[in-house]
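Subject: Structure handover

Hello,

Here is the structure I promised you. Please open it and keep it in view as you read.

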Amino acid sequence: MPSSTSPASGMTGRANQKLRTRRAIVQAAAELSRTGREVTMADVAAAALVSEATAYRYFPDLVSLLQEAIVGQLPEPGEALAGVEHSTDPVARVAAATEFLLRHVLARQGVVRAMIAGTIARPDRSARPGLRFGLIDHALAPAAAGMDPAALEQLKRSLAVVVSAEALFNLTDLYGLDPQDAIAGVVATATSLTRAALQPDPKP
């Protein structure tokens with residue numbers, strides 16, 4: 001008796017199944033990324049109810065998967081800095097941006113650490129979202145018009161080093177600080193840099 005399923009419908013069914021599997025893997029990664037715990041491909045596969053080999057068939061590495069999974073989780077700079085949006089004080093705005101970023105990192109440190117590790121191992125395939133750069137630009141926007149462009153660019157570079165997950169992890173992992181103390185320390189450093197950059201040069 002001939003089959004009632006046509007080759008075309010069979011291909012469509014397989015394509016739909018592949019799409020459902022991919023979505024399940026991405027969704028599992030997205031949910032795990034919000035826990036703050038370490039995220040591995042094995043954990044994601046288990047949460048998605050597929051084998052680890054299957055997960056790797058859809059994504060070549062963990063970083064590629066996490067990059068897709070966190071799309072939509074990162075707020076726009078204006079949303080992140082809503083509490084100081086009406087302030088024109090760059091120091092206060094940088095403090096808010098720094099604290100927001102580091103608390104965001106702390107809440108999702110498992111996925112952040114995985115992406116940092118992937119970037120270090122494969123710098124040619126860096127997939128980190130670079131949330132800090134948009135926050136720094138937005139925080140300094142009120143001061144941008146009145147600053148020398150070269151000085152503004154130097155300040156942004158300096159803040160990019162300080163307002164970072166790496167700075168937070170240096171203080172917690174290597175220096176042994178409590179996360180809250182580490183955040184306070186990075187905020188103090190970022191605001192000191194900003195304040196110093198905004199001070200006029202002393203007259204000769």
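Below is what was found in it, from the whole chain down to single residues.

Some ground rules come before the findings. This is a predicted model, where local features need pLDDT of at least 70, side-chain atom pairs count only at pLDDT 80 or more, and totals for chains, interfaces and linings use all residues. Residues are numbered from 1 along each chain as its sequence is written, and side-chain values use heavy atoms, with hydrogens and water left out.

The whole chain

The chain has 11 helices and zero strands. Both are DSSP runs, numbered from the N terminus: helices are H or I with at least four residues, strands are E with at least two. Of the 204 residues, 38% count as buried. Buried means under 20% relative accessible area, exposed over 50%, and partly exposed in between (1.4 Å probe, protein chains only). Contact means heavy atoms within 4.5 Å. Among contacts with a separation of 6 or more, 71% join residues 24 or more positions apart.

The core

The largest nonpolar core holds 55 residues. Such a core is a set of buried Ala, Val, Leu, Ile, Met, Phe, Trp, Tyr and Cys residues joined through side-chain atoms within 4.5 Å. Val44, Leu65, Leu66 and Leu159 have the most contacts inside it. In soluble globular proteins, nonpolar side chains tend to be buried together.

Helix 8 and helix 9

Helix 8 spans residues 131–144, and helix 9 spans residues 149–162. They pack at an angle of about 145°, with their axes 10 Å apart. Axes are lines fitted to C-alpha atoms, for helices over the stretch in contact; angles run from 0 to 180 degrees between N-to-C directions. Which residues of helix 8 meet helix 9? They are Arg132, Phe133, Ile136, Asp137, Leu140 and Ala144. On the helix 9 side are Leu152, Leu155, Lys156, Leu159 and Ala160. Leu159 touches Ile136 and Leu140, and also Val94, Ala190, Leu193 and Thr194, not counting residues up to four places away in sequence.

Two single residues

Is Thr191 buried or exposed? Thr191 is buried, with a relative accessible area of 10%. Thr191 sits in helix 11 (residues 179–198). Leaving aside neighbours within four places in sequence, Thr191 contacts Val91 and Ala95.

Leu49 is exposed, at 77% relative accessible area. Leu49 lies in the loop between helix 2 (41–48) and helix 3 (52–58). Phi of Leu49 is near 65°, a positive value in a residue other than glycine.

Best wishes
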